[in-house]
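User: Could you zoom in on the salt bridges of this protein for me? Once that's done, please walk me from there to the strands, cores and domains around them.

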Amino acid sequence: MKNKEPMRIALLGLGTVGYGVYEFIRAREDLQVACAMSLVVPEDVTCPIVKDIRDIWADETIDTVVEVIGGLHPAYEWVKGSLEAGKNVITANKLLIAAHYKELVSLALEKGVALRCTAAAGGGIPWLTSLKRCAEQEPVIRISGIMNGTTNFILDTMHTTGGSFDTALAEAQRLGYAEFDPTDDLNGADIRRKLVISSNIGYGCVLDEKEVATEGIEHITGEDIAAFRSMGRVCKLIAASRKLDHSVAAYIEPALVPPSMPESAIPTNYNLISLTGEHIGKQSFYGQGAGRYPTAYNVLQDCVDVSHGIRGFYTDRLEEAHVDNSTVYRHYYVRTKGDDSWLKARTESFLPCGVITEAVSVSEIHAWAKKRRELDPDCFIASLR
Ligand code: HSE
């Protein structure tokens, strides 16, 4: 039998993830890097280097564009132009997909080409493909979990070594887990994008990222961690969403989880992401959520799926939905300097460096924390699970 011609790929980006993708494809016969575009080209890259994206769009022998440059620009223009040129697109870019979800998914569906972004949520875990399979079968009701490797690495390191936030962050950066600018990992923007993409696919909706209430870990201290340890709890940055009748509850926040919850045991850069289906109940997916090879693995898996003929996006349901967190209630750990009448009226108990509130709605306490930072920029909150 004659071997099929390899699928010819244009690789945009030869950085941490891009070079991993290049290495994986180089070892295969069914895929081929026809050319690459990159500001920096590692010495052993032998494919042609293209300077102008329009040369890729005009090349009819190129089936598929893999975008791993990250950031919004020029990724948006390059991905949109590639879809318009009738190329399949595979991207790891959660910033891009979360921001331009409806437009890019609609364009891929209109052009009849593939748009895949499995590496954009869950690093190397086949999370989005599993979520798609569940959503095809029955309603997905909830999505939750640890979806950022950098913050999990930092929190795990602080808990297990008692070391400082800065030392743990530096190590996460050295290992290639953090974004180029780690601000979006620490303030929750990165995990928020992953939650938005997951919720959109799971519920068949389109969420506006800006509506998702988000608290990060940038204000956490060693003292907070010591208090959580004395409570027998572990701090994790958790993403959570739930399908409501006419809206979606969706939020990101540090959460103090008891040892009985599997999330408490997730080490280093690993992620644990769960879906709840109407009949299947809760299913959880575990693996490395960041790093060169885990992320490149999912990009490669998308390439293989596309080479097998998969087209379109994970869903074609694009119903716009608003976020409403007013019906979700939790107790919170709050650390802030000075008096606050709202907090005082809701305090149930005191810890050496903070307080525990009565059950309050997610929407109310997130709004309070944003306002409180005008007076106390280091204010920190974490829900109790
Ligand atoms: N900075 C991200 C993380 C990379 O730490 O999870 C993978 O998306």
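**Salt bridges and their surroundings**

Let's start with Glu-171, which makes a salt bridge with Arg-174, with 2.9 Å between the closest N and O atoms. The term means a side-chain nitrogen of Lys or Arg within 4 Å of a carboxyl oxygen of Asp or Glu. Before going on: this is a predicted model, so local features need pLDDT of at least 70, side-chain atom pairs count only at pLDDT 80 or more, and totals for chains, interfaces and linings use all residues. Residues are numbered from 1 along each chain as its sequence is written, and side-chain values use heavy atoms, with hydrogens and water left out.

Back to that pair: Glu-171 and Arg-174 are about one helical turn apart, because they sit three residues apart in helix 8 (residues 165–174). Helices here are DSSP runs of H or I with at least four residues, strands are E runs of at least two, and both are numbered from the N terminus. As for cover, buried means under 20% relative accessible area, exposed over 50%, and partly exposed in between, using a 1.4 Å probe on protein chains only. Glu-171 has 29% relative accessibility, so it counts as partly exposed, while Arg-174 is exposed at 59%.

Now for a longer reach. Arg-385 bridges to Glu-253, the closest N and O atoms being 3.2 Å apart. This pair ties together distant parts of the chain, 132 residues apart: Arg-385 lies in the segment after strand 20 (380–384), and Glu-253 lies in strand 10 (residues 247–257). Glu-253 counts as buried because its relative accessibility is 0%, whereas Arg-385 is partly exposed, with a relative accessible area of 23%.

Next up is Arg-346, which forms a salt bridge with Glu-364 at 3.7 Å between the closest N and O atoms. Here too the pair links distant parts of the chain, with Arg-346 in helix 13 (residues 341–346), Glu-364 in helix 14 (residues 362–372), and 18 residues from one to the other. Glu-364 is partly exposed, at 31% relative accessible area.

Contact, by the way, means heavy atoms within 4.5 Å. Thr-357 belongs to strand 18 (residues 355–357), and it counts as buried because its relative accessibility is 0%.

Some charged residues go beyond pairs: Asp-184, Arg-192, Arg-193 and Glu-209 are linked in a salt-bridge network. The overall count is 22 salt bridges.

The largest nonpolar core has 69 residues, and Trp-127, Leu-128 and Ile-220 have the most contacts inside it. A core here is a set of buried Ala, Val, Leu, Ile, Met, Phe, Trp, Tyr and Cys residues joined through side-chain atoms within 4.5 Å. Helix 10 (residues 189–203) gives the most to this core, six residues. The core also takes at least three residues from each of domain 1 (7–116) and domain 2 (128–289 + 321–384). Those bounds come from an automatic or database domain assignment. The C-alpha centres of domain 1 and domain 2 are 32 Å apart, and eight residues of domain 1 are in contact with twelve of domain 2.

Last stop, the strands. In strand 1 (residues 7–12), five of six residues are buried. Strand 1 pairs with strand 2 (residues 31–37) in the parallel sense over six bridges, where pairing takes at least two DSSP bridges between the strands. Leu-11 has Ala-36 as its bridge partner in strand 2. Strand 1 also runs parallel to strand 3 (residues 64–67), joined by four bridges, and there the bridge partner of Leu-11 is Val-66. Helix 3 (residues 75–84) is mostly covered as well, with seven of ten residues buried, including Tyr-76, Trp-78 and Leu-83. After helix 3 comes Gly-86, with a positive phi near 85 degrees.
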